[in-house]
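Please consider the following briefing alongside the sequence and the three-dimensional structure. The points are grouped by topic for a reader who is new to them.

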Amino acid sequence: MSEKRNVVLKMEHVGRTYRDEEKETEVLQSVDFSVRQGEFISIIGASGCGKTTLLRLIAGLDRPQKGRILLDGEEITKPSPKAGYIFQQGNLFQWLTVRQNIGFGLKAQHLYKEKKDKIDEYIRMVGLKGFEDVYPHQISGGMAQRVSIARSLICNPEILLLDEPMGALDSFTRADIQDKLLELKRENDITMILVTHDIDEAVYLSDRIVIMTPHPGKISEIVEVDLPKPRHRGSESFFELRRKFLERFEMATAQPQPEYII
Amino acid sequence: MSETEKTFGKKEKKLIASILFTMAGFLVAILENLLVPQFAIGVALEVYDLKIFGLNHNEAFRLILICLMAAYGLSGIFSFKSKKKAEEYIQKARFRFAMGIALGIWDYLGTKIKVLPQPFFPGPAEILTAFLSEGNYIFQNTLYSLRLYAGGFVGGVLLGVSTGILIGWFPKVKYWVEPVLKITGVIPAVAWMPFALTLFPTPYSAAVFLIVICAWFPIASLTKQGIESTPKSLFEASEILGSSTVYQVFHVAVPYAMPQIFTGISTANGFAFTTLVMAEMMGQPGGLGYYINASKVWSAYYKVFAAILVMAVLFSFITWLLNIVQRRVLRWQRGLIK
Ligand SMILES: Nc1ncnc2c1ncn2[C@@H]1O[C@H](COP(=O)(O)OP(=O)(O)OP(=O)(O)O)[C@@H](O)[C@H]1O
Ligand SMILES: [Mg+2]
């Protein structure tokens, strides 16, 4: 990155092990990583390499056994509105309307009276005007994810964590939400960390891409995406970078060949 | 003329036919009552004072039939407003017609020729004499039942929902209270009657206690189930949005459990009716159950039927009210489940 801004998120030797009965699984091993203000980071890696685990640690939904995670210089000990989290499936409150879902955080933090005008602003921002008063089961998956994003952003988080938020969506809706994310990031100067399986998505959105490998989960490589913004999905430089990136990704995730295989 | 207009015209004709058909059933009953003479002996044609005007039992019966006919006629006319209502009305016409005819036949067999075993099966007009002769007394007993029901049921709902939340939320409460709930829950509430009557200062409070107990069990166990089945991810989402624990209980767990809570409440409603009537029959100074018992002693079965009729209307009305509240509270489910 050209201008070096201050670090918002810092992970120091983070490790997480799950124990059940007699078996121990080391899910994360010594993750060291910092994120600067306003950066867009994508995390990719094979299934089961600990991406969700890492994101949950940052959100405070889980605690690391080794190392520590600092958000704005303070250690994360429990979930807080400072780190917003977008779940894989909308995870909306089914009994609340779109508007009420978006306002949930304000109500819970007793900020509703002062800030309720913000709700309309966020409804407009995520393009849900006209759907304020319907219930979650009446909207599409893509709309549900946008509600979920608005619901998090209204709490003014330092950082937004997204765990494969577009995994279940078709490619048109995906592209739509990707652009929305970039727009929201520009408008709010917010730091985002996105877990994804989609390399195009990672290249299109990110400033840096973190490649993780499993058994035990760790960061194998961090790649800068030095494409000028705004980016175009169809441009030659985009394809070029994507191809280079794929090669590196394959190298990074290639399993060491066991010797007995012919 | 367009195709759609033609088909709607057809529907309208069908609706008119259905209205006339429905009313015809009741008209038959009215004519039967009016034209068929009284064959059987022992049915006194007394005139009762009903507030300002006097009525005998046949006139009262016909008045009821006319009211029913008018009500169905009016609802038929209002059904012109929407296609859905019209279809519903047309669909119900046959049953309503049969109802009118059945009332006529019952009047003929029960009162006019008295072939049904007496005094167990009086005709409809005779049942009405109970209301004509002691309507006030029946009304007082109905109020007594209603007061018992309201006290017991509201108490049961409050106690049930709060126990359910506590068991569902706190493992310690679950450990100590759930077994007690499971064991006492299977005992029919009226079994506690002898204790209740001695332990409570008044028969009224004893009966309220029994209704509370019988409503408590289904509501508490279903509330508990609902709270326990709330997905963890919803709690996580709400925590990230800044909810305190108390806020999570009342704004995540309870709303999530609401459909189950209402299932519990509907079940409890049925239990409460049973317990109410049984408690009244076993030792209350008033109420519809008491009225049935007292009338049975004098073999006044037409009064028993009158009380049953009041129960049918009253309990249906309460259930209908509950349904309205439920639909209102769970309006977010509309279209979600069939
Ligand atoms: N609560 C848990 N208890 C035990 N093991 C767990 C738990 N949560 C995750 N794991 C294990 O940790 C590993 C990493 O899981 P995680 O969900 O972080 O993977 P992931 O990278 O998000 O995979 P995917 O791309 O499929 O979502 C898996 O092998 C999983 O079995
Ligand atoms: Mg995952």
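B:Cys67 is partly exposed, because its relative accessibility is 47% (buried means under 20% relative accessible area, exposed over 50% and partly exposed in between, with a 1.4 Å probe and protein chains only). A:Cys49, by contrast, has a relative accessible area of 1% and is therefore buried. The model is predicted: local features need pLDDT of at least 70, side-chain atom pairs count only at pLDDT 80 or more, and totals for chains, interfaces and linings use all residues. Residues are numbered from 1 along each chain as its sequence is written, chains are lettered from A and ligands numbered from 1 in the order in which they are written, and side-chain values use heavy atoms, with hydrogens and water left out.

**Cysteines**
- Over all chains, the search of the whole structure finds 0 disulfides (pairs of cysteine sulfur atoms within 2.5 Å).

**Domains of chain B**
- Chain B has a domain 1, covering 3–116, and a domain 2, covering 135–333; such bounds come from an automatic or database domain assignment.
- The centres of these two domains of chain B, taken over C-alpha atoms, lie 36 Å apart.

**Interface of chain B and chain A**
- Chain A contributes 25 residues to the contact and chain B contributes 22 residues (contact means heavy atoms within 4.5 Å).
- About 2000 Å² is buried between the two chains, 68% of it on carbon and sulfur atoms; buried area is the accessible area (1.4 Å probe) that two parts lose on being put together, summed over both.
- Of the area that chain B buries against chain A, 39% comes from B:Ile240, B:Leu241 and B:Trp332, more than from any other three residues.
- There is 1 salt bridge between chain B and chain A (a side-chain nitrogen of Lys or Arg within 4 Å of a carboxyl oxygen of Asp or Glu).
- A salt bridge joins B:Glu236 to A:Arg56, with the closest N and O atoms 2.7 Å apart.
- On the side of chain B that touches chain A, the elements giving two or more residues are α8 (232–240) and α9 (245–283) of chain B; helices (H or I, at least four residues) and strands (E, at least two) are DSSP runs, numbered from the N terminus.
- The most residues on that side come from α8(B), which gives 8.

**Surroundings of B:Ser295**
- B:Ser295 lies in helix α10 (residues 288–297) of chain B.
- With a relative accessible area of 5%, B:Ser295 is buried.
- Leaving aside residues up to four places away in sequence, B:Ser295 touches B:Ala300, B:Lys303 and B:Val304.
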